[in-house]
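Q: Hey, I'm new to this one and would like a quick tour. Can we go through it bit by bit?

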Amino acid sequence: MSGVPTLDFSPPELEKEFQRTGAKSSKGSLSTNERKRRFMGRVSLAVLALAFGASTVYMGRDWEEDELKVKKMRIEDAPSTRLARTKERFTSLFDYFNKPAWPELLPPPHPPTQKPYTLLLSVDDLLVTSTWDRQHGWRTAKRPGVDYFLGYISQFYEVVIFTTQPYYTAGPIIDKLDRYGFYINYRLFHEATRTLDGKTVKDLSYLNRDLSKVVMLDTHPEHATTHPENTIILPKWKGNPQDKGLVGIIPFLESIAIYKPADVRPILTAYAGKDIPLEYGKIEAEMKAKHVTEWQSKNKDKPTGSRISLLPVFGLAAAPSQPKNAVPPTYLERKREEAQQAYQHEMKYIKDNREELERLLEQDQQAMAAQVPGSLWEAMDAQFRARPPADTPPGAPNPVGTSAAPPGSVVAASSGQPSASVKKA
């Protein structure tokens with residue numbers, strides 16, 4: 001084998017001779033700067049662990065009265081164990097992302113002019129519906145009877161639009177529904193909702209109203225997760241022009257406002273999952289039949305004839321003559337007739353003063369447009385020159401709540417402020 005040529009043409013390397021110098025190897029040793037860095041890291045970690053432990057202990061402390069007031073909780077309902085209190089306080093650190101932007105969504109009620117009940121209305125699939133196609137894009141249609149519904153029911157309720165849409169999409173729709181600002185008192189948008197388990201929820205505990213007198217109409221059950229006892233879930237409207245669902249709910253709502261129950265929640269709970277217009281219609285028919293039977297039993301032996309009124313003698317308008325044996329209307333029917341007359345009077349007022357209302361509306365729009373800066377420089381200049389804001393009652397800031405309107409504007413006229421040009425008869 002020694003005669004076989006090899007392919008290794010490199011010359012054999014000679015082994016290098018290493019000589020020891022006595023110097024100590026740096027392998028496995030740390031420099032002074034590295035030691036300092038590691039030491040400061042351990043100290044920082046220890047301080048962080050100590051701070052975390054102290055914060056955990058502090059978060060588990062007993063509840064304070066002011067803290068419960070801010071959280072809108074009672075001591076009986078608040079978590080009682082140290083672990084539960086710590087968890088509650090820790091999760092509250094992220095409230096900015098899952099709770100409404102304001103602790104009170106509406107300003108405090110004003111007893112002299114405040115209507116006793118509050119009606120919350122959704123927008124999507126309740127008052128309007130939106131469709132999209134490639135030819136026309138997005139189109140929005142009003143539900144049949146929505147104008148009558150808002151105009152009539154606003155006599156009984158403080159009407160609040162509560163939608164999960166942002167302001168820039170829902171605001172123009174609401175402006176079309178209530179052009180002169182007569183019917184809708186407040187507007188709440190997406191920033192007034194909260195998030196629970198990944199779902200958008202309308203938490204009424206932030207509303208700043210007595211929940212025993214709050215009714216919410218919606219088409220999505222998940223929106224009422226926190227307060228189903230205050231909610232009426234109606235079927236979604238998908239554009240049927242023959243729909244009567246919105247008008248059909250009026251008798252039930254007006255009966256609540258007329259009879260003024262101390263708490264609406266037991267009533268709404270009793271009708272949960274039922275066809276309310278149909279079920280309530282049956283009850284009202286039974287009440288009417290009972291009223292007729294009782295009246296006939298009391299007046300079957302009395303002589304018939306016509307009632308004579310002396311009001312015309314004194315120059316006063318008299319009610320239409322009614323046969324004495326005719327069954328008088330029920331209390332609900334009388335109040336309903338009064339509300340119908342008030343609605344017709346208001347529609348006549350709008351019709352007679354439409355030109356002036358349009359002028360005031362255009363005046364408001366021009367005033368608001370004049371306040372919009374035309375450039376970034378103007379916006380920054382206005383920000384630096386802005387005066388300190390005046391004291392305003394707590395509630396959702398504009399445009400989430402009501403907007404401030406100058407005297408004489410159409411919004412001011414609707415809110416009861418005097419107007420030099422339009423005076424309601």
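This is a predicted model: local features need pLDDT of at least 70, side-chain atom pairs count only at pLDDT 80 or more; totals for chains, interfaces and linings use all residues.

Q: Got it. Where does aspartate 125 lie?

A: Aspartate 125 is in the loop that links β1 (117-121) and β2 (128-133). Its phi is positive, about 65 degrees, although aspartate 125 is not a glycine.

Q: What about lysine 260, where is that?

A: Lysine 260 sits in the loop between α8 (250-259) and α9 (265-270). Lysine 260 is another non-glycine residue with a positive phi, near 55 degrees.

Q: Buried or exposed, for lysine 260?

A: Exposed: lysine 260 has a relative accessible area of 53%, and exposed means over 50%.

Q: Back to β1. How many of its residues are buried?

A: Five of the five residues in β1 are buried.

Q: Which residues are on which side of β1?

A: Tyr117, Leu119 and Leu121 are on one side, with Thr118 and Leu120 on the other, and both faces are covered. In general, side chains in a regular strand alternate between the two faces of the sheet.

Q: Which strands does β1 pair with?

A: β4 (residues 157-162) pairs with β1 in parallel over five bridges, and tyrosine 117 is opposite tyrosine 157 there. β8 (residues 214-218) also runs parallel to β1, with four bridges; in that pairing, leucine 121 has leucine 217 as its bridge partner.

Q: And what does β2 do?

A: β2 and β3 make a hairpin, with three residues between them. They run antiparallel, joined by six bridges, and tryptophan 132 faces tryptophan 138 in β3.

Q: Switching topic: which residues form the nonpolar patch on the surface?

A: Phe90, Leu93, Phe94, Tyr96 and Phe97, with about 660 Å² of accessible area together. Tyrosine 96 belongs to helix α4 (residues 95-98) and counts as exposed at 73% relative accessibility.

Q: Last one: where does UniProt place the "coiled-coil region"?

A: At residues 340-370, according to an unreviewed UniProt entry. In the model, that stretch is 97% helix and 0% strand, with its end C-alpha atoms 40 Å apart.

Key. Residues are numbered from 1 along each chain as its sequence is written. Side-chain values use heavy atoms; hydrogens and water are left out. Helices (H or I, at least four residues) and strands (E, at least two) are DSSP runs, numbered from the N terminus. Buried means under 20% relative accessible area, exposed over 50%, partly exposed in between (1.4 Å probe, protein chains only). Two strands pair if DSSP finds at least two bridges between them. Patches are made of residues with over 30% relative accessible area and no salt bridge: like charges are joined within 9 Å, nonpolar side chains (Val, Leu, Ile, Met, Phe, Trp, Tyr) within 5 Å. Accessible areas come from the Shrake-Rupley method with a 1.4 Å probe; for residues, only the protein chains shown count as cover. A salt bridge is a side-chain nitrogen of Lys or Arg within 4 Å of a carboxyl oxygen of Asp or Glu. UniProt positions are given in the numbering used here, feature names are shortened, and annotations may be inferred rather than shown by experiment.
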